[in-house]
Amino acid sequence: MPPPTPIRLRREAWGFALGSFFFLIGAVPFYAVAVGPAITNLTFFIGALWFTAAAFIQLSLSGRRPPHRSMNRPDAFDWWGSAIQFLGTLFFNLSTTEALITALNSDTRVNSGWAPDAVGSACFLVASAFAVVATTERDTLWDPSARTWRCTWLNMLGSVFFGLSAIGAYVLPATGDLVSLFWANLGTFLGAACFLIAALLSRRGIEPVSRRVPQPS
């Protein structure tokens, strides 16, 4: 497989950065109070779309076909991590869509969007574990075509925070209250912050496309 181009790597980084930014803003309580539940959930919906676009680019950079026997372990783990992460973004698309519908229609079933949110968070956690293995087993941790160890562990930490957010966002059917509104907001905010920092750091490791200068004969 040819090495990924810096342009596609930059698009991946910006996609994760924008998705993280929308999730970070949506998790700020003052923002939610100011714009209302519909706009808040629309913010998460847009952020999930950016996550999916970036994850699709990352998966395409990892190869179109599943790993085979001749593939080395880091590349195989990188592919599986990218595939599972992409699947997780699709679940986030589903959860944010259902949450937006709920915000627009109060008669929607309570907790309708919680299950895909929990599954998406679990996918992110598993994908981050694969990414950790892929990064630590590479010959060089500063290869522009792979995440640095700092970005990898930031994404792992962000996935943990997203998982805590999913737990806190569960609505108790008996009372209609969240398990923990504090962690539902803080977990999302910190998780998005980790992903945002990791995306911005990964852009620093992408070399710009140099212009070919004709050499004198």
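A disulfide here is a pair of cysteine sulfur atoms within 2.5 Å. By that cut-off, this structure holds zero disulfides. The model is a predicted one, where local features need pLDDT of at least 70, side-chain atom pairs count only at pLDDT 80 or more, and totals for chains, interfaces and linings use all residues. Residues are numbered from 1 along each chain as its sequence is written, and side-chain values use heavy atoms, with hydrogens and water left out.

**View 1. Two buried cysteines, C123 and C151**. Buried means under 20% relative accessible area, exposed over 50%, and partly exposed in between (1.4 Å probe, protein chains only). C123 counts as buried because its relative accessibility is 10%. C151 has a relative accessible area of 2%, so this cysteine is buried too.

**View 2. The kink at G36 in helix 2**. Helices are DSSP runs (H or I, at least four residues), numbered from the N terminus. Helix 2 covers residues 29–62, yet spans only 37 Å between its end C-alpha atoms. A straight helix of 34 residues would span 50 Å at 1.5 Å a residue, the expected span being 1.5 Å times one less than the number of residues. Look at G36, shortly before the proline P37, for a kink of about 120 degrees; the bend at a residue is the angle between axes fitted to the seven residues ending there and the seven starting there.

**View 3. Helix 3 against helix 4**. The axes of helix 3 (residues 73–104) and helix 4 (residues 114–136) come within 7 Å and cross at roughly 160 degrees. Axes are lines fitted to C-alpha atoms, for helices over the stretch in contact, with angles from 0 to 180 degrees between N-to-C directions. Helix 3 and helix 4 are therefore roughly antiparallel, the word for angles over 145 degrees.

**View 4. Helix 4 and its cysteine**. Helix 4 has 23 residues and reaches 33 Å from its first C-alpha to its last, close to the 33 Å expected. C123 is found in this helix, and its C-alpha is 4.9 Å from that of G88, 35 residues away along the chain. Buried residues of helix 4 include G120, C123, F124, A127 and A131.

**View 5. Helix 2 packed on helix 3**. Here the axes lie 8 Å apart, at an angle of about 160 degrees. That makes helix 2 roughly antiparallel to helix 3.

Terms used. Helices (H or I, at least four residues) and strands (E, at least two) are DSSP runs, numbered from the N terminus. Angles under 35 degrees count as roughly parallel, over 145 as roughly antiparallel, 65 to 115 as roughly perpendicular and the rest as oblique.
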